[in-house]
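This report looks at the surroundings of a ligand and at a pocket in a protein. Please look through the sequence and the structure before reading on.

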Amino acid sequence: MTVMGRAVETAEFIAEGGIHATLDAAKRSSAARVREVLAKAREMKGLSLEEMAVLMAIDTPELEQELYKTGKWIKDEIYGDRLVLFAPLYVSNYCGNECVYCAFRARNKEIRRAALTQEQIAREVKILVEQGHKRVLLVAGESYPTVGEHRGLDYILKAVETIYATRSGKGEVRRVNVNLAPLTVADFKRLKAANIGTYQIFQETYHRETYARMHLGGLKRNYDFRTTACDRAMEAGIDDVGIGVLLGLCDWRFDLLAMMQHIRHLEERFGVGPHTVSVPRLEPATGSPLASHPPAQVSDHDFWKIVAMIRLAVPYTGIIMSTRENAEVRRKTFAMGVSQISAGSRTNPGGYAAELSGEEDGQFQLGDHRGLDEVVRDCAELGYIPSFCTACYRLGRTGRDFMDLAKPGLIKDHCGPNALASFYEYLLDYASPETKAAGRKLIAGKLAAMEPKIRERSETMLQMLDDQKRDVFV
Ligand code: SAM
Ligand code: SF4
């Protein structure tokens, strides 16, 4: 990856004044202007901040529907009807920070604390693998290396190693992404050497003053160190970074435009932007009352608009939705442009084995409690292909290479057959009889709709799986 310019230590690329001016100027945008922007979005070259602000001014149900339709159209053009599935794996809820919205904050006495041993991590992984998961997102509080045994980066690196080394039956985790506090370049290099997939970090809010009010203690108080984390990760050679704002802390319009400034900065400096954008919405958290009363509540309609706008603004970037949202909201949001979802999640360490702590000790309250099998069946019945594919990362198609591949046509050649094959592997090894039936029906329909060359490639891959081969991809 080419790195342009000097190292960045302050978030100088976030220009608050410019954001307010852009929002003000677009406030009274006409319906004609909105439609112009929607038409431009269909060229799939992204949108400027000013164009995003025009869409934020949408205030009629008709235009809102047109925005959703455009999001869906772009998602279908680029990604097709795949939904990539993953599970979070919380290894520790010890944390030295005081984020007022999070159950893991240091001074919260209402949750039980746990940091999993490597054996306990392996046990959690086995449970996830036996459910059929292939992608895991490792999550932890920010703990200090000097305190306790299960703390610091060494502990996290060991955990990544344990996850990759754990097998059960025919399966294993094939990609470990991480959501961790920011590191130095030297530590990011160690994280890269551990073979992680995406490094994910949410800014929570880009609004400095709000950020200061939400983060009352610990290393996370340093706004600049957090905002420049992706710069350091990419300098260290981590190609795939994931970003997001915690919706509900600050006006979402401001945060979305600031996030666009962050994205454009990364694109300018590294030739490629973030691999994924997540859309976490604030959920109630034990012992952290602010989470139940979001200072800047985001309604379901605003949530859908946000997802669709991100799809229009950065068409080739993955959008991740977690089980913070309930099943109904999730179903609707699939159509707005989401490309990755978590399923069957627990947010307390040891939550899958249910032996160390209970759901009340989790980071926040879940909106979707369904198991993986049920979510997979639901997606299939809605016409989406649940994908467990990890091919790109394992073939080195990351960063810019991935974005080059993510051009219409190319993505269909590779990702379509890979998604079907990984889904079929899931059906053969893990699915309930009802899900198998729904899945086989879906696959038959998708094969019938494929171009002959791609259908042939897909059928060959499915046959290999029938012949007991596993982990088949192109
Ligand atoms: N501790 C690290 C950090 O804060 O960057 C990494 C893991 S933290 C457990 C992952 C994310 O959970 C945070 O970045 C935040 O956006 C989100 N989160 C915290 N409290 C939440 C809540 N009450 N509802 C929804 N998401 C929350
Ligand atoms: Fe700790 Fe992260 Fe929760 Fe903040 S959001 S209290 S840093 S786990």
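## Contacts of the ligand

In this predicted model, the side chain of Glu204 has an N or O atom that lies 2.5 Å from an oxygen atom of ligand 1. For Lys220, an N or O atom of the side chain is 2.9 Å from an oxygen atom of the ligand. The side chain of Gln363 also has an N or O atom 2.9 Å from a ligand oxygen. On its own, ligand 1 would expose 560 Å², and the protein buries 97% of that area.

## The shell around the ligand

There are 22 residues around ligand 1, and those that come nearest are Glu204, Lys220, Arg226, Glu283 and Gln363. Sorted by class, this shell holds 12 nonpolar, three polar and seven charged residues.

Where does ligand 1 sit? The space that ligand 1 takes up is the largest cavity.

## The largest pocket

The largest pocket has a volume of about 440 Å³. Its lining is made of 24 residues, and Glu142, Ser143, Leu153, Pro182 and Leu183 are the closest to the centre of the pocket. Two or more lining residues come from each of two elements, helix 6 (152–165) and helix 9 (223–227). Helix 6 supplies five residues, the largest share of the lining.

Technical notes:
Residues are numbered from 1 along each chain as its sequence is written. Chains are lettered from A and ligands numbered from 1 in the order in which they are written. This is a predicted model: local features need pLDDT of at least 70, side-chain atom pairs count only at pLDDT 80 or more; totals for chains, interfaces and linings use all residues. Side-chain values use heavy atoms; hydrogens and water are left out. A residue is near a molecule or strand if one of its heavy atoms lies within 4 Å of it. A polar contact is a pair of N or O atoms within 3.5 Å; within protein, one must be able to donate a hydrogen and the other to accept it, and residues adjacent in sequence count only if both atoms are side-chain atoms. Accessible areas come from the Shrake-Rupley method with a 1.4 Å probe; for residues, only the protein chains shown count as cover. On a 1 Å grid over the protein atoms alone, a cavity is a set of points where a 1.4 Å probe fits but cannot get out, and a pocket is an open set with protein on both sides within 12 Å along at least five of seven lines; lining residues have an atom within 4 Å of a point. A molecule sits in a cavity or pocket if more than half of its atoms lie within 2 Å of its grid points. Ala, Val, Leu, Ile, Met, Phe, Trp, Tyr, Cys and Pro count as nonpolar, Asp, Glu, Lys and Arg as charged, and the others, Gly among them, as polar. Grid points are joined across faces, edges and corners, and a volume is the space filled by probe spheres set on the points. Helices (H or I, at least four residues) and strands (E, at least two) are DSSP runs, numbered from the N terminus.
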